[in-house]
Amino acid sequence: MTPFRVTCEKTPATGARGMVLTNHPMGSAAGYEILAAGGNAVDAAVGTLLALCVVEPMMVGIAGGGIAHVRLADGTHRVIDGLACAPGATHPEIYEPVSDTPPNHIDTKDRRSALGPSAVAVPGNLAAWCDMHDRFGKLPFADVIDPAIRLAARGFEVTPYLEGAISEAAEDLSRDRVIADLLMPGDTPLKAGDRLVQGDFAEALRLIARDGAGALHGGELGAALADRIATGGADAGWLSRDDLADYAPRERDVIRGTYRGFDIVGPPPPASSGVHVAQMLNLLEHHDVAGLGFGTEAGLHLMAEVIRVAFEDRRASSGDPDFVDVPVARLISKDYAAEAQARLRETGGPGPVPASGHESADTTHVTVADGDGNVVSATHTINGIFGARFAVPGTGIIPNNYMMNFDPHPGRALSVAPGKRVPTSMAPMMVLREGRMAWALGLPGGLRIFPSALQAIVNLIDHRMPLQEAIEAPRIWTEGHDLEVEEALADRAPDLRARGHDVRVMPHVGGGMNAIGFAGDGMMEGAACWRADGTVAALGGGRARPGIRFWPGRAPGDEAATD
């Protein structure tokens, strides 16, 4: 088989003083501005995420949820869990399921868990971001939020990516006059090149600049959101002012694994990535992955089998650790990986349609580092495209639709319960060598996130790809039913089918990954892939050499020039 060559569509950038990567150029510009103003990576990450709430309103918002993985300059790692959770008034029977069997066993009658006020869970994004900034930031919060305020007040140019999202959701958006007037003025969806101004959201951000997270969690914005949820009709939801006031982000310990001399660090449950990336790498460590080569039939088959096994264990064991006993130590152990080798099949083949939960592919990810050693890898969302697909009057806030991720059947691991978070595939990952940062990376893409992160790590370590190639290289994905391969691997499909796999050739697997590589000399390399509007902003240069003044034509020791 001809060796596979990765052709990159984007170029990386390098710098020593800081690096910001997002999936929107204005998001990256916001983070760059904050670093250039003297902020650290946490300041830049928070400011970037707030800016993305403006320019990627279909993906992320202050009324959403997510996870941030922070490495501080002292070498400690923190995971800030700002995931959304079920409101206090919910219970396992709040929705009527449309089916008891896959693939639509999670869907609910009248789409009540996916659309409108009844789809909204207790948000955590803003609380998590403000908590991160309060504890680890450097600049005043007003400086950090200012780029987002300007983008909302002055507007920005709609991208083709945003245009596509509006068109895709247009029918649902048209049901709410507030969001329709914003995104479809005159009932015509905005087009690429149009200018989107969000005056109400600019005012909401100014309120947050003054009051912090309290503006939403106990203040005016929270009251407006809760009042909009309590419609008094059949579409009413459960989110209350008390839910918002009582919400607090959680700090969690990271999951650590090892792979061929590298340390792999990721978030713990309810995120799946730390556990299952470590597990999959343990499985692969028994095989000569480099010798098999990238993109070969044997290599792709092995990768597919390893991903399948991980999803089997995820379905059996994952959940909110406050509600489910997740056997973390067992799943990430080397002994378990040795035992699980017997589950890797020589011949692939589709199993039954897996009974997985919903997990939206519509997310955003940022990777940020400063010149002092602080690094942030953060994945955040409002769940589906435009979340619950309405806006809160007078605020510009687009709420999440996280409730669609719960199982509407009572008595199951993903059944609704007050305060419960659902498992997420978010994978804000970091890789270290001898205690030093090697790479930080992440991406959007729902269930395809953590297997895609795994493949990038393998590309870097086993296949020794440059960073840009490692994140742009074609991916595969499976839960154990069909096998998705990206178009660049289409010529491998016949051999994989001969091996027993039910192959589907896809335009892309997962979303736009971005990553930072760290060199021993203090230089950083940033790379973003073709699957999104990924943009690198690298901060180089620096201050003048000490003692330098503007003295044209004057040598040291000369008397001061006179006019």
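A crossing of two helices counts as left-handed if the near helix is turned anticlockwise from the far one by less than a right angle, and as right-handed if clockwise. Helices (H or I, at least four residues) and strands (E, at least two) are DSSP runs, numbered from the N terminus. This is a predicted model, in which local features need pLDDT of at least 70 and side-chain atom pairs count only at pLDDT 80 or more, while totals for chains, interfaces and linings use all residues. Residues are numbered from 1 along each chain as its sequence is written, and side-chain values use heavy atoms, with hydrogens and water left out.

**Helix packing**

- Helix α1 (residues 25–36) passes helix α2 (residues 41–55) in a right-handed crossing.
- The axes, lines fitted to C-alpha atoms over the stretch in contact, come within 8 Å and cross at roughly 150°, on a scale from 0 to 180 degrees between N-to-C directions.
- α1 and α2 are therefore roughly antiparallel to each other (angles over 145 degrees).
- The contact (heavy atoms within 4.5 Å) involves residues of α1 including M26, A30 and I34, and residues of α2 including A44, A51 and V55.

**Aromatic pairs**

- Five aromatic pairs (ring centres within 6.5 Å, using the six-membered ring of Trp) occur in the structure.
- F311 and W477 form an edge-to-face pair (planes over 60 degrees apart), with 5.8 Å centre to centre and 85° between the planes.
- F311 belongs to helix α12 (residues 297–317) and W477 to strand β14 (residues 476–478), so the pair ties together parts 166 residues apart in sequence.
- Both F311 and W477 are buried (under 20% relative accessible area, 1.4 Å probe, protein chains only).
- Ring pairs link F311, F450 and W477 into a cluster.

Conventions
Angles under 35 degrees count as roughly parallel, over 145 as roughly antiparallel, 65 to 115 as roughly perpendicular and the rest as oblique. Rings of Phe, Tyr and Trp (its six-membered ring) pair if their centres lie within 6.5 Å; planes under 30 degrees apart count as stacked, over 60 as edge-to-face and the rest as tilted. Buried means under 20% relative accessible area, exposed over 50%, partly exposed in between (1.4 Å probe, protein chains only).
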